[in-house]
Amino acid sequence: MADAVRWTLDTTMHRSVARRAEDAGLSETVPQQVIAEGARHYTESCAHCHGGPGMDAAQWSRGMRPEPPHLTEAAAEWEPAEIYWIAENGIKMSGMPAFGTLHGPEELRAITAFVLQLPGLSPEDYAAMTGEGAQGRTNTGSE
Ligand code: HEC
């Protein structure tokens, strides 16, 4: 996609997401245990498209247009309430699904808290949180 088009899309998306995300009720400090819960949901619901620390996205998701971004970098661009809203509602006209029916508000908050940790998270921390050997593992999305 041309950069200009991409930019317009991003800007429009940020605005419309921010407008509807204000009342998600996300607190600033989240207990470690909630973040770990979010990590497990993330591994189940998000990692096959978005990857994780030390974990590649599934091969099939690389064929999607737009390609799902590796959230480790993308997460730094979004406000907590925006991440929550995106996870709940998905993104129209892209492959980003809505998880509002699969995950309730508590789970969505946990996922959001975890996604916010992604930029600084090492593969070892991620593996410890999810209780799996994420090292060198590729999530095929088939489990
Ligand atoms: C089936 C694949 C798929 C799954 C599963 C998925 N996503 Fe996405 N996601 C996408 C795609 C594709 C985009 C890019 C949309 C765009 O750029 O228009 C995206 C974009 C995003 C963005 C915006 C990132 C950015 O900067 O563009 C966030 C945040 C996000 N997803 C969070 C999540 C979370 C949290 C989960 C799990 C609850 C999840 N996604 C599961 C495909 C997926």
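## The ligand shell and a helix crossing

In this predicted model, 22 residues surround the ligand, and the closest are Cys46, Cys49, His50, Trp78 and Met96; a residue is near the ligand if one of its heavy atoms lies within 4 Å of it. Residues are numbered from 1 along each chain as its sequence is written, and side-chain values use heavy atoms, with hydrogens and water left out. Local features need pLDDT of at least 70 and side-chain atom pairs count only at pLDDT 80 or more, while totals for chains, interfaces and linings use all residues.

| Ligand atom | Side chain (N or O atom) | Distance |
|---|---|---|
| nitrogen | His50 | 2.7 Å |
| oxygen | Trp78 | 2.7 Å |

Helix 3 (47-50), helix 4 (71-74) and helix 5 (80-89) each supply at least two residues of the shell, and helix 3 gives the most, with three residues; helices here are DSSP runs (H or I) of at least four residues, numbered from the N terminus. By class, the shell has 16 nonpolar, five polar and one charged residues, where Ala, Val, Leu, Ile, Met, Phe, Trp, Tyr, Cys and Pro count as nonpolar, Asp, Glu, Lys and Arg as charged, and the others as polar.

Elsewhere, the axes (lines fitted to C-alpha atoms over the stretch in contact, with angles from 0 to 180 degrees between N-to-C directions) of helix 2 (residues 32-45) and helix 6 (residues 105-117) come within 7 Å and cross at roughly 90°. That makes helix 2 roughly perpendicular to helix 6, a term for angles of 65 to 115 degrees.

Note on methods: A polar contact is a pair of N or O atoms within 3.5 Å; within protein, one must be able to donate a hydrogen and the other to accept it, and residues adjacent in sequence count only if both atoms are side-chain atoms. Angles under 35 degrees count as roughly parallel, over 145 as roughly antiparallel, 65 to 115 as roughly perpendicular and the rest as oblique.
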